[in-house]
Number of protein chains: 2
Amino acid sequence: MAYPQNIFTNTTLPSPSFISRRREVIYANTLLYQLNVLKTTGRYDAFKLQWHQSYSDAPDVPPIPNHLFWDSDVAKWIEGACYFLQWKENPEIEAAIKELVDMIRAAQQPDGYLNIHFTVVEPEKRFSNLRDLHELYNAGHLIEGALAHSHHYQNDFLMEPILIYVDLLCRTFGPAPDQKHGYPGHPEIELALLRLYEKTKDPKHLALATYFIEERGNPKGQDGQHYYDVEAEARGDKENERPVYMPKPRSYWYQQAHEPIVDQQTIEGHSVRAMYLLTACADLLRVENTKRENLRTAVERLWTNMVDKKMYLTGGIGAQKQWEGFGIDYFLPSSTDEGGCYAETCAGIGVMMLAERLLQLDLNGKYADIMELCFYNAVMTGMSASGKQFTYVNQLASTDTDLSKRAEWFTCACCPPNVTRLLGYIGGYLWTFNNDEPDTLQVNVHMYSSAQLSIPVGNKVVELEQKSNWPWEGRVEFALRNASEIKSTIKLRIPSWADEWRFVPNAPDQKLEQGYLTLPPDWLKKNSSFVLEVPLKPRFVTPHPYTNQDILALARGPLIYCLEDIDNPWVTDHFKSLVLDPTSTIEETNVSAEEMGEPYVALAVNTIPSILEVGTELSPHIELSAIKQETGMTSDKLHFIPYALRDNRGGKGHMRVGIRKKR
Amino acid sequence: MAYPQNIFTNTTLPSPSFISRRREVIYANTLLYQLNVLKTTGRYDAFKLQWHQSYSDAPDVPPIPNHLFWDSDVAKWIEGACYFLQWKENPEIEAAIKELVDMIRAAQQPDGYLNIHFTVVEPEKRFSNLRDLHELYNAGHLIEGALAHSHHYQNDFLMEPILIYVDLLCRTFGPAPDQKHGYPGHPEIELALLRLYEKTKDPKHLALATYFIEERGNPKGQDGQHYYDVEAEARGDKENERPVYMPKPRSYWYQQAHEPIVDQQTIEGHSVRAMYLLTACADLLRVENTKRENLRTAVERLWTNMVDKKMYLTGGIGAQKQWEGFGIDYFLPSSTDEGGCYAETCAGIGVMMLAERLLQLDLNGKYADIMELCFYNAVMTGMSASGKQFTYVNQLASTDTDLSKRAEWFTCACCPPNVTRLLGYIGGYLWTFNNDEPDTLQVNVHMYSSAQLSIPVGNKVVELEQKSNWPWEGRVEFALRNASEIKSTIKLRIPSWADEWRFVPNAPDQKLEQGYLTLPPDWLKKNSSFVLEVPLKPRFVTPHPYTNQDILALARGPLIYCLEDIDNPWVTDHFKSLVLDPTSTIEETNVSAEEMGEPYVALAVNTIPSILEVGTELSPHIELSAIKQETGMTSDKLHFIPYALRDNRGGKGHMRVGIRKKR
């Protein structure tokens, strides 16, 4: 049982690498930039429980007050900052954390309650709208902030008030007749409670997480009715009254509460909520070490439905803006002018969390493939090279109304600090290990980079080092140190997109087991250094034909590429009418551009761009002969860059990942 | 100025023809079948103003009571029945009309008010929710029913109470300070009032129609606010309270009331409402004979947006089920499992109405092409060969949840009587004429069939006959009679899909003017008989590539074809994975099958069916090589039938119009 938020401290991430450069940017720029935003927007001081003028603002997304998430914005920043402080000290950040913790402690109510909005603005409405009002979501992030704080500072200044608050929650929610049979509209506290339980071993914490998971979607949970119906009735909601994100009355699939989780057949609703919830489910399966076959099956079924039918080429999830979530199977338009594309940054982070947990349940490269895909594309595209601009949604193609541009902040600011905290503990995603026995070690390597893992085994500290310029180059050099007396097994993930790979010296057994190459103890005793080489060849990929997206996307290794107008300045329509010949050759160029934050591999497709021209005289019918693909441009190349690096060099904001395939 | 509802009596429709067979079925089966449904469901007696048990039912579509449309169901049946009675007497139908008219007269309130729901169920809510509650829509259908009744019976038994009701409406709505500045959520009364005005010449009737059209969407119409906002406030609606068909609060685009009509740039919302509204706008343009350039431009802009970007291959409109209407530009999925497809039968009828009105404003074959396309596909698919089963929605492909099956009736039963009344006056769509001068006649022939037009010109009655087995055969024989002393001009529409056509004897001028071939008086004097021959060759058509529907549909003349499982029994997936090679040859067969109601031309594509097979190992990426098109079936043909004739022979309900194009 290990959480990446705990074991990341076993990993150091030497420079230079893709990951280390991103971390340096966050340490140098993002943390302080975000701290400044917290201060200037009122979030920083909000736990002082004074009235802020913005509390009177009309909500952007009724019925949710804009400031409702402020608790979580602060908590996530504390969490991320504590991870980075484990790497490098920073007095300014430390001072801010101290002040914030003091304010949080002081904000706790006599009965343990701890929430800005429901203390300052609407104290009478506490726990009256779990469905919409993020009260327990905020509590979850406070718990996670406290865990990171306690892990770093080895004290309980933040943990103490949080535990008192959790006690209140444990008294308030549960199966007893005098308890509320409710559960959060936005899951998050479940995974936080399970992480808390790992630390406290307090059965109350496990019980509450389990209750929230098991009770969710119960059609008769409260007084023979769905809890959210009872809540709504108590609030006096009218039959046709519903939040803007619910297309129809009782759209409880929005928060994965339309039926018990074990009964859900397809992944539905708000994508971040779905990922946080399933992550907690996977954690529960691990914690209990019992079978819970229905839950295991459900999690796997929903994962598979998502990956096969509801995930974009970039690893992004969520096509529908109205509910920030999943469409029906295979509904994956590239852009808002095709019907939607959301792919929220936080949702990508959520997929990584779930994939990591599933990997620990079942070491299968299919999870790691998706984890890596999300990291390098759906998530890393969420932050600029400067570390000061962010995306919330990540369309695969821009439109006039949704340009490929990052923003400095958001009213609902979940994504920016989420990227921060992810990069803070990213070392915990690279590998997992088992050192439970004093003379045995197993390391499973999921992602490649330059990194060093130090693991205490018995009275030794074994080191595994990898050196690589991944994802730009596919060569990874390994060295295992101080393991001569240990029975070590190493499993290396071979990405499923790799159609060939080399291993030097010869691997003892080339056969892969669920996508992993096994290096057994005997072999490792003789070979403490070895090299994995995965040739990174550019390749065209396409989504499932049932998406009705007859497009080509360019990939190289785990990276998905895109076209930008800055490299292809002739574009006027977001590359919507461009057609791409899949037989074109592709060339690679190593580019060093300071504004990108790092040297990268650009790709160029050798082709004179062809543009679709359509005769519409017979609309709504088009004769086949009226669809032409015209060339005539002077350009003879299409220039692609990694999707993660888009919008770092100015331009008009025209961008596209998937290009219409030439017929 | 002519309405097809008035001039259809100039046309007789001899048997056999596609149209005459449909009319015979309606006369023989549908009218009495529908009368029986009206009786058994409570609609027939509803104007007796007694309580009916179903008035307590929970609404299928809150907040609209299921019985709210009953007035219109009755009125449309009366209207359709009166049209058919002009062709053939029927004592049973006449007795029913008489009884219904008596009940309607007796139902009128002392102040002239006339509505079932707001007299029996919620009298206190009269005119309190124009936005949602169809009060004026019902009034519009009563007016149209009265017009048909008065036209046939040449008395005012029904017209009398209706005129009294209209007087009440004219007092209630308008620009005066003591009048309500409202307009119907569901347009219909506008076009009805304009037709009424043509008969009464009462300026009040024109003024109210004009007011409803001009006031619509006024952001400050009532007390400086949008009328629907003021209404909602007066009802005590809460901020987030909205009907199920409104995805967001204040989605007034649903009823084309988000801004004044002249400002609307794209066609939005509920498709039937949009068509009825624009039909009235076109009528207003004709009635006033003034320029109103803004309105003319707006109607043309919205028509073009619809035809080019929001219309299905079948002429169907409406992709989104939630609001029974238009999606964004080019959002035209074939089926619910692709994101939607609605194409309501009534909407197709509405397109025909609008196209006919536009043809009278501007004789352009582009309108007639769409009118004919809708008739033979989007509309005619709405009724079974028996005349006793109907569709409301008309997907272009079936799915497991939406089989290609007609139903016997609907709670919201707008479509079945709408088809009835359309076929009642269909003769009025075939051609328009101008006989204003005593010695001059112009006839514009828009659609072909076997039909005879009789037009008084001066003291003569000129006859124009066409004889044709259209749409199965493209030969049309014309005879002009009794016109020797008349300056006659005939314009014949040459369908835009015809890549060739022949005219015997030689036409005086082969050049087409906006899609019409002109036969001038001199030539007609010498040639009173002539033949137009339009070869009906099967052809493949496809929607615009921006729809992301890379499909082929088979067309022949104005007919769109489809595949059904009864002819291709190997199908298990609604032909979703089938791929079709556009270079395949097509063969025609004349089929005589009693259950289809008429002999028809079936098409077969000579190809061994290929099925898409997709390797999903790398989801969400698919390698190009993992998409295969496998054959191996024993069948060597794909059998197509006209979409209008689907679901007449049993089967599983698997059907598809657009087949994935083979790469």
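This is a predicted model: local features need pLDDT of at least 70, side-chain atom pairs count only at pLDDT 80 or more; totals for chains, interfaces and linings use all residues.
In chain B, helix 11 covers residues 271-288 and contains 18 residues. The distance from its first C-alpha to its last is 26 Å, close to the 26 Å expected at 1.5 Å a residue. Of the 18 residues of helix 11 of chain B, 16 are buried, so this helix is largely enclosed by the rest of the structure. A residue counts as buried when its relative accessible area is under 20%. The helix is followed by B:Asn289, which has a positive phi, near 55 degrees.

A pair of packed helices was examined in chain A. Two packed helices are described by the angle between their axes and the distance between the axes. For helix 4 (residues 91-107) and helix 6 (residues 135-153) of chain A, the angle is about 130 degrees and the axes are 13 Å apart. The two helices of chain A are therefore oblique to each other. In this arrangement, helix 4 of chain A passes helix 6 of chain A in a left-handed crossing. Helix 4 of chain A contributes A:Glu94, A:Ile97, A:Val101 and A:Ile104 to the contact, while A:Leu142, A:His149 and A:Tyr153 come from helix 6 of chain A. By type, the residues of this contact comprise five nonpolar, one polar and one charged. An α-helix has 3.6 residues a turn, so residues three or four places apart point the same way.

Two cis peptide bonds in chain A were also examined. One joins A:Ser15 and A:Pro16, with omega at about -10 degrees. A:Pro16 belongs to the loop between strand 1 (11-12) and helix 2 (18-41) of chain A. Another cis bond runs from A:Ser619 to A:Pro620, where omega is near 5 degrees. The loop that holds A:Pro620 lies between strand 18 (610-614) and strand 19 (622-623) of chain A.

Positive phi values were found at non-glycine positions in chain A. A:Asp223 is not a glycine, yet its phi is positive, at about 50 degrees. A:Asp223 sits in the loop between helix 9 (203-215) and helix 10 (227-235) of chain A. With a relative accessible area of 62%, A:Asp223 is exposed, because the cut-off for exposed residues is over 50%. A:Gln514, also not a glycine, has a positive phi of about 45 degrees. The loop containing A:Gln514 lies between strand 9 (512-513) and strand 10 (516-519) of chain A. A:Gln514 has a relative accessible area of 41% and is partly exposed.

Conventions
Residues are numbered from 1 along each chain as its sequence is written. Chains are lettered from A and ligands numbered from 1 in the order in which they are written. Side-chain values use heavy atoms; hydrogens and water are left out. Helices (H or I, at least four residues) and strands (E, at least two) are DSSP runs, numbered from the N terminus. The expected span of a helix is 1.5 Å times one less than its number of residues. Buried means under 20% relative accessible area, exposed over 50%, partly exposed in between (1.4 Å probe, protein chains only). Axes are lines fitted to C-alpha atoms, for helices over the stretch in contact, and angles run from 0 to 180 degrees between N-to-C directions. Angles under 35 degrees count as roughly parallel, over 145 as roughly antiparallel, 65 to 115 as roughly perpendicular and the rest as oblique. A crossing is left-handed if the near helix is turned anticlockwise from the far one by less than a right angle, and right-handed if clockwise. Contact means heavy atoms within 4.5 Å. Ala, Val, Leu, Ile, Met, Phe, Trp, Tyr, Cys and Pro count as nonpolar, Asp, Glu, Lys and Arg as charged, and the others, Gly among them, as polar.
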